[in-house]
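Dear colleague,

Please find the structure below, followed by a short account of what was found in it.

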Number of protein chains: 2
Amino acid sequence: MNFLEITIQKQKAINLLVNKFAEQISCNPGILESHGRDESTHIPMPPDAVFFAQSTEDIATAVKICAEYNLPIIPYGAGTSLEGHLTAVHGGLSIDMSRMNRVIAVNENDMDVRIEAGITRKDLNAHLRDKGLFFPVDPGANCTLGGMVATRASGTNAVKYGTIREQLLSLKVITASGDIIETGTRSKKSAAGYDLTHLFCGSEGTLGIVTEISLKVHGIPEKVAAGICRFTSLEKAVNTVISTIQMGIPVSRIELLDTLSVRAVNGYSKTEYPEANTLFIEFSGSEASVQDQIENFTMLASEYGGTHVEFAENQEDINALWHARHQLLYATRALSPGKNFITTDVCIPISSLAECIIKTRADLDASGLFGSIVGHVGDGNFHTIILYDPAKPAELEIAESLNRRMVRRAIDMGGTSTGEHGIGTGKREFLVWERESAIPVMRMIKQALDPKNIMNPGKIFLDIA
Amino acid sequence: MNFLEITIQKQKAINLLVNKFAEQISCNPGILESHGRDESTHIPMPPDAVFFAQSTEDIATAVKICAEYNLPIIPYGAGTSLEGHLTAVHGGLSIDMSRMNRVIAVNENDMDVRIEAGITRKDLNAHLRDKGLFFPVDPGANCTLGGMVATRASGTNAVKYGTIREQLLSLKVITASGDIIETGTRSKKSAAGYDLTHLFCGSEGTLGIVTEISLKVHGIPEKVAAGICRFTSLEKAVNTVISTIQMGIPVSRIELLDTLSVRAVNGYSKTEYPEANTLFIEFSGSEASVQDQIENFTMLASEYGGTHVEFAENQEDINALWHARHQLLYATRALSPGKNFITTDVCIPISSLAECIIKTRADLDASGLFGSIVGHVGDGNFHTIILYDPAKPAELEIAESLNRRMVRRAIDMGGTSTGEHGIGTGKREFLVWERESAIPVMRMIKQALDPKNIMNPGKIFLDIA
């Protein structure tokens, strides 16, 4: 088909959708613009229409129309992804899940819930709180659960509770042909057939649309304590993390903020943390176990010269600490207004973490660009936020070559280019570096499940347009 | 092709394999017979040849030959599966993995290992012991790790450590076209592309052959204590389990043996456990935490009338206890020599466990057949071992209808027909009951990855011959 024919086909599909769903379909330019971007600085590309979906059945109907007329489909959660996942590279229909935010069932006795995919992490936790339950996976952003499933998200609590992957029991998914499937059951384990739950988790909307999720939740711990610990060098801070993990101290969060990150946090969140390479740590469990963990950690940190280990035990102080941590992307940007940024996401075996971070810091310092290092270091996962001047193309090139060297370093150490952000449009080349042998099999699956390539096209694979 | 043409094609492939691999290929009738069966009483069907593989590259070469001549391929580990997974329903080449049993790397600092798929669970643990590490997943049988990956196995320790699925980092897999792929990296988490590691896990050799595995291992706990606790009714025993899990007491194993099972164990293992509905429990962790767990559990069990809570702390007694438990299949058979058996494997949300087990026990009692109930009840997973007289076809029918009712009961309660044994040939109908909507997607994947249907044909899907 030529461009004109494609445009006519698309318009037919949108007309049918408008006839069917009336004001649930929007072509308002502002809405289109906001649905073609995420929180990164990847170039936004708006869809042709946005569908504010209200039920699985409605989405299935819409998918059938899109399939007939080859209109691409891009599921949209809270717009917080970081690798261009939401850009409509060939236009198409953005399916906004925000109205599908119901809690369908809370099974307290089994510690599992059934939710619609458009509910946000914070809304789910607000719903669970008075039942003594919580959903631990916490990427910082107030993303939707569907978005977390799509990108295989994790965040600060993964070192104790695992990523979104470990919480999943079953998914309701709409396939590229508009069929509705259920991938699992509520049982804690199963050996029945192919594990489609985990195939769809991390597939970034390229194989189907997740509309409902059954997932494990956890009991709110009896006691939580969070605190900070400062070090005279990056190496000492990271070695403290490595020893903590290797000794099996069951930290629930252990986050690294380098000196620059602490400066950014102070400026943005009006905190007064001394500017040093710092660990933010959280322990949880029974009263006795938290005390035990604090003592073991403090002793261990002091061996690496960790000073000013201070722990807060009231929820307000703990929340303030993690809020400051979670604002770091915005905080780093605020250090140099007008700059754009790239954010990186390597994850490596923990034994190589110190070497990888120190080489990365040195490379950053030598580049002349401004960048902070922060991370879920307990998992071996860290991010750099590298600022560049959008008016100076050479700076973007330098930032990208820093990232490329870091990814190569991580892969050489047995690691991955992305611990939790996903591939999107931004890391497609890195996927080839990292999993070249496996890509043909991924591609066979994509081709089999989405032969017309209408499900979030242009993501994950370099050369499927 | 007609039968004669198929036979000629097969013979050509086997001739080529013999030319290539000489004495690594066996057509000895005894060897063929032993490779066409598992530990169940599903009717054995021998392959046409057995290949004692020694390297990934050799298997890839063999697969290419098989693909060219449409010779089916059945990977063979230790022969301990229970659902007819190893039967050569269309003949073919059994690939015996037992010579591929090397430990390739132990990364102590990252607590992960790289192994060949033919290593057994016990050999792996023997290798790890002096490093203070262990691999926890324990299905009882001394299966190979490749077999565990293929059937998504778990066992007694899953309540604390998760199943084989949760331990996997990456797999080396040979595809149906003989290509060698690596599905992941050594990093603890990754969001890079489709999760092929977990797609191949549980695919029962129908999508490819796993030849190497990177997996997490764990530190040997400082302290382990195991013991038994007896109850006056099945219901009280199961309710103790439910409360233990719901209260979050971190048991490492909690196994139910009903009265019949205890009688069987005593007869077979020369133990003298009083005949009662009994829990076998294990706690592990620090000295203080184990003491704490024992106290909490004992208090809780006593609320349900649990008596004679006794804990052993020396490794010999603990081993004897678990050895007795793991012999239960043989022990139950020994109660009635000459009988065949079927073993069942439902897994349900824990809140429904008491109801499901009690209804199942009543159904068993009413059937006139002899059957024991045993299980990894902390996961909601239990087995019945139902004996029948092979000379009386009506008994097999009764046993199968008991199983069908149990599976229906489990599915109605939100559970699965198989917690850990897999589908094989024996549960293909149940897969349809349980995941009907998802089977077309599983089938698309099978068709895409194995278009000639040479990878362990006749398993998982009812109507792919």
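With which side chain does the side chain of H35(A) make a polar contact at 2.6 Å? The partner is the side chain of D96(A). A polar contact is a pair of N or O atoms within 3.5 Å; within protein, one must be able to donate a hydrogen and the other to accept it, and residues adjacent in sequence count only if both atoms are side-chain atoms. The side chain of S34(A) also makes a polar contact with that of H35(A), at 3.2 Å. H35(A) is buried, with a relative accessible area of 6% (buried means under 20%, exposed over 50%, partly exposed in between, with a 1.4 Å probe and protein chains only).

This is a predicted model, in which local features need pLDDT of at least 70 and side-chain atom pairs count only at pLDDT 80 or more, while totals for chains, interfaces and linings use all residues. Residues are numbered from 1 along each chain as its sequence is written, chains are lettered from A and ligands numbered from 1 in the order in which they are written, and side-chain values use heavy atoms, with hydrogens and water left out.

The structure holds 0 disulfides over all chains (a disulfide is a pair of cysteine sulfur atoms within 2.5 Å). The sulfur of C143(A) is too far for a bond, because the closest cysteine sulfur, in C201(A), is 13 Å away. C201(B) is in no disulfide either, and the nearest cysteine sulfur, that of C143(B), is 12 Å away. C143(A) is buried at 7% relative accessible area, and C201(B) is buried at 0%.

Yours sincerely
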